Amino acid sequence: MARYLLIESSSPWESGTTVEFYRLARDLAGQGHEVTLYLVQNAVLAARAGAREAGLADVATRVRILADDFSLRGRGIAAADLRPPVRPGAIDAMADLLADGARAIWH
């Protein structure tokens, strides 16, 4: 079993390939890998409770999802506004995963 860190920087509304990236996270987790999806920049917009999008809700039951706290603040999104089980995460969470040997894919 490998550990993966998938970093998404686009919202599903600005990039048609974002949903494909969510599927990659889901598929890797389905193969027994430990997967963290880290949302940065505009990708945090899809993490809001009530956001209309297809894909992130399905992935949320299979992988750990962190939303960059700096990106959240910059877009006026409070931690209480996130869809469960998305949690805010500082950049050090991503750095720790990388330091621990997680395989990273940035999209």
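In this predicted model, the bridge partner of Leu-66 in strand E4 is Arg-87. The chain passes from E3 through helix H3 (residues 69-74) to E4, and this β-α-β crossover is right-handed. Strands E3 and E4 (residues 87-89) run parallel and are joined by three bridges. E3 also pairs in the parallel sense with strand E2 (residues 34-39), over four bridges, and there Leu-37 stands opposite Ile-65 of E3. Strand E3 itself, which spans residues 64-68, is mostly covered, with four of its five residues buried.

Two backbone details fall in loops. The peptide bond from Pro-84 to Pro-85 is cis, with omega near 0 degrees, and Pro-85 is placed in the loop between H3 and E4. Gln-41, in the loop between E2 and helix H2 (56-60), has a phi near 50 degrees, a positive value in a residue other than glycine; its relative accessible area of 41% makes Gln-41 partly exposed.

Among the charged residues, Glu-8 in strand E1 (residues 3-8) is buried yet has no salt bridge, and the nearest side chain of opposite charge, that of Arg-75, is 11 Å away. A polar atom of the Glu-8 side chain does, however, lie 2.8 Å from the backbone nitrogen of Ser-10. Leaving aside neighbours within four places in sequence, the contacts of Glu-8 include Phe-21, Leu-37, Tyr-38 and His-107.

Side chains of opposite charge can pair when their charged atoms come close. The model has five salt bridges, among them those in the table.

| Salt bridge | Closest N to O |
|---|---|
| Arg-23 with Glu-20 | 2.8 Å |

Arg-23 and Glu-20 are three residues apart in helix H1 (residues 18-30), and so are separated by about one helical turn. Arg-23 is partly exposed at 37% relative accessibility, and Glu-20 is likewise partly exposed at 46%. For the pair of Asp-58 and Arg-62, the relative accessibility of Asp-58 is 33%, which counts as partly exposed, and Arg-62 is partly exposed with a relative accessible area of 45%. Arg-73 and Asp-69 both lie in helix H3, four residues apart, about one turn of the helix; Asp-69 is partly exposed at 26% relative accessibility, whereas Arg-73 is exposed, with a relative accessible area of 55%. Salt bridges with shared partners also join Arg-26, Asp-27, Asp-58 and Arg-62 into one network.

Technical notes: Residues are numbered from 1 along each chain as its sequence is written. This is a predicted model: local features need pLDDT of at least 70, side-chain atom pairs count only at pLDDT 80 or more; totals for chains, interfaces and linings use all residues. Side-chain values use heavy atoms; hydrogens and water are left out. Buried means under 20% relative accessible area, exposed over 50%, partly exposed in between (1.4 Å probe, protein chains only). Two strands pair if DSSP finds at least two bridges between them. A crossover is right-handed if, with the strands pointing away from the viewer, the path from the first strand over the helix to the second runs clockwise. Lys and Arg count as positive and Asp and Glu as negative; His and the chain ends are not counted. A salt bridge is a side-chain nitrogen of Lys or Arg within 4 Å of a carboxyl oxygen of Asp or Glu. A polar contact is a pair of N or O atoms within 3.5 Å; within protein, one must be able to donate a hydrogen and the other to accept it, and residues adjacent in sequence count only if both atoms are side-chain atoms. Contact means heavy atoms within 4.5 Å.
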